[in-house]
Amino acid sequence: MQLMQDKVVIITGAGREQGMGQAAVHKFAEHGARVVVTDLVRNEQEQANIERVAQQARDLGAEALAIGVDVSNREQVASCVEQVIETFGRVDVMVNNAGTAIGAGPFLEQTDAQWDISYNVHLKGTLYFCQAVIPFMQAQGGGAIVNNASMLGVAAESHTAAYTATKFGVVGLTKTIAAEFGKDNIRCNAVCPGSVATQMQEEGLKQFAEWFDITLEEAWKDAERCALGRSAQPGEVADAMVYFASDMSSYVSGQALLVCGGANPGL
Ligand SMILES: NC(=O)c1ccc[n+]([C@@H]2O[C@H](COP(=O)([O-])OP(=O)(O)OC[C@H]3O[C@@H](n4cnc5c(N)ncnc54)[C@H](O)[C@@H]3O)[C@@H](O)[C@H]2O)c1
């Protein structure tokens, strides 16, 4: 019996190579789940990306579905969950992983667009998916929600205002949902990664290198200030997601778990 045997798991932001969403798809598939691979699909390439990750899950022996969905669009989210229910008849686990680094930048230069996109993707995206899946989880007797927040969801660094403020919001939302739906056997927890070796982190660090007039190598070194002295691999965060999604954490809810290699989270 595998940890996630036949559980139906929706994962957002899962189309990108080397991302935590893709790693989560692989881990859940390896643990016996049926996986729904979702991501923004604005063109053929992005459609091909989610199809490719779904095929990777099938190659690992899992049933898999690929659905294009913008998490900040309530109608698309509702339609995605409808398709999942039509196909699998249930939803056991929701992994809200989609995110954007657009909210990083010098505070005095931050724009409405940076704040709106950060808010819409991190907070409304998580809200919309939770509102869409919770009634099904209630009806079937329980479920687990795992939100990908950040170390910047529990502590702050400079040049990250819109990102940090909305990730703090994700942790707040996580705790509210845990408090409100524990009675329905629905648990809700957040993973809070430090530096993870993904494309988003590479792109973000290029910007930091510019703002602080340092090399990209120096920016990576700075991001990797932690006891373990390295970034996480995406699969190491996905392992924590599987823990929160599985019965291994059956009495754990409303928690924000730092997965940060022993970094000092800061302020
Ligand atoms: N990489 C890090 O160091 C790090 C650290 C802490 C937290 N995080 C968080 O982890 C999560 C995954 O990030 P990642 O580093 O794996 O990067 P990634 O770029 O692989 O993943 C982000 C994904 O979110 C998707 N996305 C963005 N806007 C979307 C929208 N409106 N609708 C649907 N999908 C959307 C992107 O297409 C992408 O696939 C994000 O929430 C990020 O904020 C990352």
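Colleague: Why is tryptophan 211 called partly exposed?
Modeller: Its relative accessibility is 29%. Buried means under 20% relative accessible area, exposed means over 50%, and partly exposed lies in between, with a 1.4 Å probe and protein chains only. Tryptophan 211 therefore counts as partly exposed. Keep in mind that this is a predicted model, where local features need pLDDT of at least 70, side-chain atom pairs count only at pLDDT 80 or more, and totals for chains, interfaces and linings use all residues. Residues are numbered from 1 along each chain as its sequence is written, and side-chain values use heavy atoms, with hydrogens and water left out.

Colleague: And phenylalanine 208, buried or exposed?
Modeller: Phenylalanine 208 has a relative accessible area of 18%, so it is buried. Phenylalanine 212, at 39%, counts as partly exposed.

Colleague: What makes phenylalanine 208 and phenylalanine 212 a stacked pair?
Modeller: Rings of Phe, Tyr and Trp (its six-membered ring) pair if their centres lie within 6.5 Å; planes under 30 degrees apart count as stacked, over 60 as edge-to-face and the rest as tilted. Here the centres are 6.0 Å apart and the planes are at 15 degrees, so this pair of phenylalanine 208 and phenylalanine 212 is stacked.

Colleague: How many aromatic pairs are there in the whole structure?
Modeller: A search of the whole structure finds three. In one of them, phenylalanine 208 and tryptophan 211, the ring centres are 5.1 Å apart and the planes stand at 75 degrees, so that pair is edge-to-face. Ring pairs link Phe208, Trp211 and Phe212 into a cluster.

Colleague: Why are phenylalanine 208 and tryptophan 211 separated by about one helical turn?
Modeller: Because they are three residues apart in helix H6.

Methods
Helix = DSSP H or I, 4+ residues; strand = E, 2+ residues; numbered from the N terminus.
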